[in-house]
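Biologist: Could you put the model up, so that we can go through it together?
Modeller: Here it comes.
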Amino acid sequence: MSLEFDHAAALAKCARGEHDALHQLYVYEGARLLGVVIRIVKDRGMAEDIVHDACLNIWQRADSFDPSKGSARAWIFSVARHLALNAIRYRDREINFANDPADELAQDEHFQHAYVAEEAFDWQTGQRMDSCLEQLEPERRNCVLHAYVDGLSHAEISAHTGAPLGTVKAWIKRSLLRLRECMA
């Protein structure tokens, strides 16, 4: 029987300067952190850099973790998510303001129309997804969001919500089917 990893203890050890704790944390959560960040930035190389930066950030800020405000694991993942979101914002600004040969293309009326259409599609898709999510019962919607936005496992969602593991799995499965139908 394996013991559950103690994220709070690992953060406390990091705060005391114990390098091995950060290594253990990375070994235990590194792949999941990478998965969450890849889903956000859609670029593996960039995601690997962000996870590296997140680990450094976790190491440097471990003493700022407050267990009264949430779980250590959620704090760790929020550090990575925030870095990923900031990287996307920075990347988008960098692309929008960079001087490169593509600027001439951006002046082309056909290109501008295609770009606006693509942006509208992304916005409309997001709006439709929001609308479809709103149609789900709150506890089921929260389970889907915990799984696909927060990157929590079914067991973690079960612990967080207090719902049985089988119920959480069924809610997520049925909710995804309803979302697919709604988005079609």
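**The disulfide**

Modeller: To begin with the cysteines, a disulfide (a pair of cysteine sulfur atoms within 2.5 Å) joins C132 to C182, with S to S at 1.9 Å. This is a predicted model, in which local features need pLDDT of at least 70 and side-chain atom pairs count only at pLDDT 80 or more, while totals for chains, interfaces and linings use all residues. Residues are numbered from 1 along each chain as its sequence is written, and side-chain values use heavy atoms, with hydrogens and water left out.

Biologist: Which helices do C132 and C182 lie in?
Modeller: C132 belongs to helix α6 (residues 109–134) and C182 to helix α9 (residues 165–183), so the pair ties together parts that are 50 residues apart in sequence. Helices here are DSSP runs of H or I with at least four residues, numbered from the N terminus.

Biologist: Is C132 buried or exposed?
Modeller: C132 is buried, at a relative accessible area of 3%, whereas C182 is partly exposed at 26%. Buried means under 20% relative accessible area, exposed over 50%, and partly exposed in between, using a 1.4 Å probe and protein chains only.

Biologist: And what is the handedness of that disulfide?
Modeller: The torsion about the S-S bond is about -80°, so the disulfide is left-handed.

Biologist: Changing topic, how many helices and strands does the protein chain have?
Modeller: The protein chain has nine helices and zero strands, and of its 184 residues 30% count as buried.

Biologist: Where is V149 placed?
Modeller: V149 sits in the loop between α7 (138–148) and α8 (154–161), and at 46% relative accessibility this residue counts as partly exposed.

Definitions and conventions: Helix = DSSP H or I, 4+ residues; strand = E, 2+ residues; numbered from the N terminus.
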